[in-house]
Amino acid sequence: MKKDLSLREELDLKMRGRLPIERQNPQNGESRWYYIDSRGRDNDFVADTKINTIDVDSPDSPNPYLQEIMLEEAKDNPQNYYIWCTEGDDLVRDEHAQREGKVFAWDEPPSGGHPGEDYNCRCTADEFSLERYRIINYPKELLKQVAKNLIDEEGCEEYIYLDTKGIKTTGVGKNIDDKDTFMSIN
């Protein structure tokens with residue numbers, strides 16, 4: 001998070017659930033630190049609107065709902081967000097593997113920076129779209145089972161190819177060697 005924030009920037013980050021707020025007089029059962037829960041509402045607050053809060057243990061505790069909040073914001077302004085993608089192999093750092101498929105804002109880099117900025121990082125930032133987010137976050141075990149079924153039952157093969165964005169991708173399918181068969185596919 002940026003250190004030298006104007007009062008307006010700090011207030012905006014607090015209202016969007018990005019920075020924790022300190023309670024001056026916590027009541028019984030309340031934590032000293034909390035985030036504003038901005039899920040499911042717009043940024044136009046009305047004075048008599050109840051604001052939901054999320055208690056956390058310390059000012060260093062992350063907002064447990066930050067991914068949901070960022071996903072909601074990304075739907076409205078997809079150009080300001082990206083989806084973190086790793087190479088998916090054993091060389092990926094644990095910290096980066098945990099970011100796989102998650103949404104991040106371009107103006108709020110995570111620790112270590114955006115994909116590819118950290119030393120020897122091979123991660124990439126995929127353009128945000130709701131469809132892409134859903135595909136990346138589809139249950140991995142289900143996708144593996146579907147691929148296995150295609151290989152076992154339909155004689156398909158696993159192969160590596162470059163997708164339309166030039167990203168290495170693994171797929172399952174059949175190789176078509178002749179033009180007539182290719183042209184007959186609907």
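A salt bridge is taken here as a side-chain nitrogen of Lys or Arg within 4 Å of a carboxyl oxygen of Asp or Glu. In this predicted model, the side chains of Glu-108 and Arg-16 meet that description, with 3.2 Å from N to O. The two partners sit in distant parts of the chain, 92 residues apart: Glu-108 belongs to the loop between β5 (103–105) and β6 (124–127), while Arg-16 belongs to the loop between α1 (7–15) and β1 (21–22). Both Glu-108 and Arg-16 are buried.

Another of them joins Arg-122 and Asp-89, whose side chains meet at 2.7 Å, N to O. Arg-122 is in the loop between β5 and β6 and Asp-89 is in the loop between β4 (81–85) and α3 (94–97), so this contact ties together parts that are 33 residues apart in sequence. Arg-122 comes out as partly exposed, with a relative accessible area of 36%, and Asp-89 is partly exposed too, with 33%.

Then there is the bridge between Glu-22 and Arg-32, at 3.6 Å from N to O. Here strand β1 supplies Glu-22, and the loop between β1 and β2 (33–36) supplies Arg-32; the two are 10 residues apart.

Turning to the aromatic side chains, the structure holds four aromatic pairs. For Phe-128 and Tyr-133, the ring centres are 6.5 Å apart and the planes are at 45°, so this pair is tilted. That label follows because planes under 30 degrees apart count as stacked and those over 60 as edge-to-face, with the rest taken as tilted. Phe-128 and Tyr-133 are both buried.

Elsewhere, Tyr-82, Trp-84, Phe-104 and Trp-106 come together as one aromatic cluster. One member of that cluster, Trp-84, also has a charged neighbour: Arg-99 lies over the face of the Trp-84 ring, at 4.9 Å from the ring centre.

How values were computed
Residues numbered from 1 in each chain as written. Predicted model: local features only at pLDDT ≥ 70, side-chain atom pairs only at ≥ 80, totals over all residues. Heavy atoms only, no water. Phe/Tyr/Trp six-rings, centres within 6.5 Å; stacked < 30°, edge-to-face > 60°. Buried < 20%, exposed > 50% of the residue type's maximum accessible area, 1.4 Å probe, protein only. Lys NZ or Arg CZ within 6 Å of the ring centre and 35° of its normal. Helix = DSSP H or I, 4+ residues; strand = E, 2+ residues; numbered from the N terminus.
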